[in-house]
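Hi there,

As promised, here is the structure for you to look over. My notes on it follow below.

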Protein chains: 2
Amino acid sequence: MQNFMYYVPTKIHFGTDQLGYLSELKESGSKVLLVYGGGSIKRSGLYDAAMKVLVEAGLEIFECAGVEPNPRIQTVRRGVEICKENKIDMVLAIGGGSTIDCAKVIAAGAVYEGNAWDLVINPPLIKAALPIYSVLTLSATGSEMDAFAVISDLTKNEKWGTASDCMKPKMSILDPTLTYTVSKKQTAAGTADMMSHTFENYFNFVEGSEMQAGFAESILRCAVKYGPIALEDPTNYDARASLMWCASFAINGTLNAGCAAAWCVHPMEHELSAFYDITHGEGLAILTPVWMEYILSEKTAPRIAQFGRNVMNVTEKDDMAAAKEAIAALKTFFFETMGLPANLRAVGIVEKDNFEVMAQKAANGCVGSYVPLSKEDIVEIFNRAF
Amino acid sequence: MQNFMYYVPTKIHFGTDQLGYLSELKESGSKVLLVYGGGSIKRSGLYDAAMKVLVEAGLEIFECAGVEPNPRIQTVRRGVEICKENKIDMVLAIGGGSTIDCAKVIAAGAVYEGNAWDLVINPPLIKAALPIYSVLTLSATGSEMDAFAVISDLTKNEKWGTASDCMKPKMSILDPTLTYTVSKKQTAAGTADMMSHTFENYFNFVEGSEMQAGFAESILRCAVKYGPIALEDPTNYDARASLMWCASFAINGTLNAGCAAAWCVHPMEHELSAFYDITHGEGLAILTPVWMEYILSEKTAPRIAQFGRNVMNVTEKDDMAAAKEAIAALKTFFFETMGLPANLRAVGIVEKDNFEVMAQKAANGCVGSYVPLSKEDIVEIFNRAF
């Protein structure tokens, strides 16, 4: 096992009827910046319910609405400005991962003198942040319990992940019923997203990390079991609850503690989103099986076979054959059971003109990954995914 | 899944050469109470190495030495007195679970006006505590990352667990090499202890908690794999590291988040230790298989069978038969592979005079457990374990 630091300070209030815990925000001061997306929280009544608790707690609320999927640095800057002008004490995100990611960088930008984009491309510059709270409405990114934020500047086709311990939320409310209205498309994409996070942590060569691998397999089994149930029966509580808690644990630092490797499918997907603004989880679903096939070798077959046997009910004894069955089973799960788009053309990427420049940027982002990938490797993966 | 609150704020520095992180204690002030046991940390050199870092960090160190296995309230009171007299800022435990448990209640007692025993028998009285730090030297209780402390008053045959979020350590250093010198007896008892914690969390009837059950099985598989390796090869790093991290996760709140039931084997064992001062992990090893046999029914067989299939390589398809095989395999593991004592006589309990009074107290402690147990049930379990 590798040396590691483990630190998951986020307090989670999980279950039904947890919104009253928003009164805990009083611990961090009186002025709250409420960050949210396109207004679905108004239509659902969540906005009003949250406001009621916040107002009763005596908090003064400012707003930064309109956070985009693949949140933009321009929105971050708008939020930072509100914080600085009004001496905001804390940031509350109500929404999915994009909203929480945006809120995190707003919170860091609020106590940073320079341009907030610096904090995206140079994470060590993040030395402090306002306290961050969240109410989660989508099971996918795990942003509610981790250090990460992914911010885009689509005017430059840039999408980068940043991270800091001080951007880990202080408290997050996870109410599975808030995801009952999530569409089939987003439920499927979220399931692919949490599975991809799990895979990125699971595929490593570190001896003595069976505990972590077993945790990963448990999350993958739950995603494979409950993803389809959530599609068919969107108000199935156990399905929504399992997906929500699995998504948080897929990326909160538990799965890769002691067995960390650089991620590589995420850097590739970030280029797809940066150039074509596609749904992150759909891009991950398209790339993951192609990547597994591309890196399949005598060296990688045992772990891919282990995934097959412990998650996908593969019974084949030979590792190479079992690994191939596992990849085939994953494709069937993603593209048939979950109805996810199976290739880049299906998400509207109809030309290959940018593959070279995208691959170069992705290759820079995945140095030290499970199997090293060159720019040429990544171009080939994009081509096979086309 | 049940509603739950999840909060694991302890920062963990895990691996070799982590002692330098003791300089982080400066964040909590300048006066440290160092709590330790019988002096093995002096013989091993750990005491000197830690003191060097603390002194270089400019900290003023006070000492409370001589913490017993099954730590006594009398030692807690001695520590509390030192804290109050010297206006101590924080408590640092260097040792195993007993030392850390003792340090926790000292830290709570230091900011409590009354008798520290109140905090043991009435946990809600714990409203605050000095910051708690630990350097772990034994993989077993998980105290380094949880809210619990177990304190005894052997003058009254009393041993009770208490808990508070504010007793969760602020930071713990987990260096597996510090457990290289742990004896076979304590290695085996520690393995049984972490497995018992895992079982107490794993045996529940809560639907929709497959993720947590899978995590538990992963920890159990690691204990079954690495316990024997640590016995045979005490300086095997991956074995010591896996046991250490498994022990922390067995009881840090992850396994029972959303699927909590009252524990019942622990309350029974606490009576054994309270009356006979036996090693906690040995008592748990003796009681656990007897308890499993006692509660085996059509209702409990599926989960016990699942443990057998997913941890002990049981292949039997019928649940009742598989559950019986699982219990037999567990006995073989504890009493043959790990060399743990197989019955109460083997740990020096040679008469049954106290079973009635012990059973009554244990029954009070396990209300709401997986299978409800009356005083009579527990007397019978003690008799079968005799």
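**Cysteines, then chain A**

B:C222 has 2% relative accessibility, so this cysteine counts as buried (buried means under 20% relative accessible area, exposed over 50%, partly exposed in between, with a 1.4 Å probe and protein chains only). Its closest cysteine sulfur is in B:C246, 4.1 Å away, too far for a bond. B:C366 is likewise buried at 2% relative accessibility, and its sulfur lies 5.5 Å from the closest one, in B:C264, again too far for a bond. Over all chains, the search finds zero disulfides (pairs of cysteine sulfur atoms within 2.5 Å).

Before you go further: this is a predicted model, where local features need pLDDT of at least 70, side-chain atom pairs count only at pLDDT 80 or more, and totals for chains, interfaces and linings use all residues. Residues are numbered from 1 along each chain as its sequence is written, chains are lettered from A and ligands numbered from 1 in the order written, and side-chain values use heavy atoms, without hydrogens and water.

On to chain A, which has 14 helices and eight strands (DSSP runs numbered from the N terminus: H or I of at least four residues, E of at least two). Its radius of gyration is 20 Å, close to the 21 Å that the globule rule gives for 386 residues, so chain A is as compact as a globular protein of that length (taken over C-alpha atoms; the rule is 2.2 Å times the number of residues to the power 0.38). Of those 386 residues, 61% count as buried.

Best wishes
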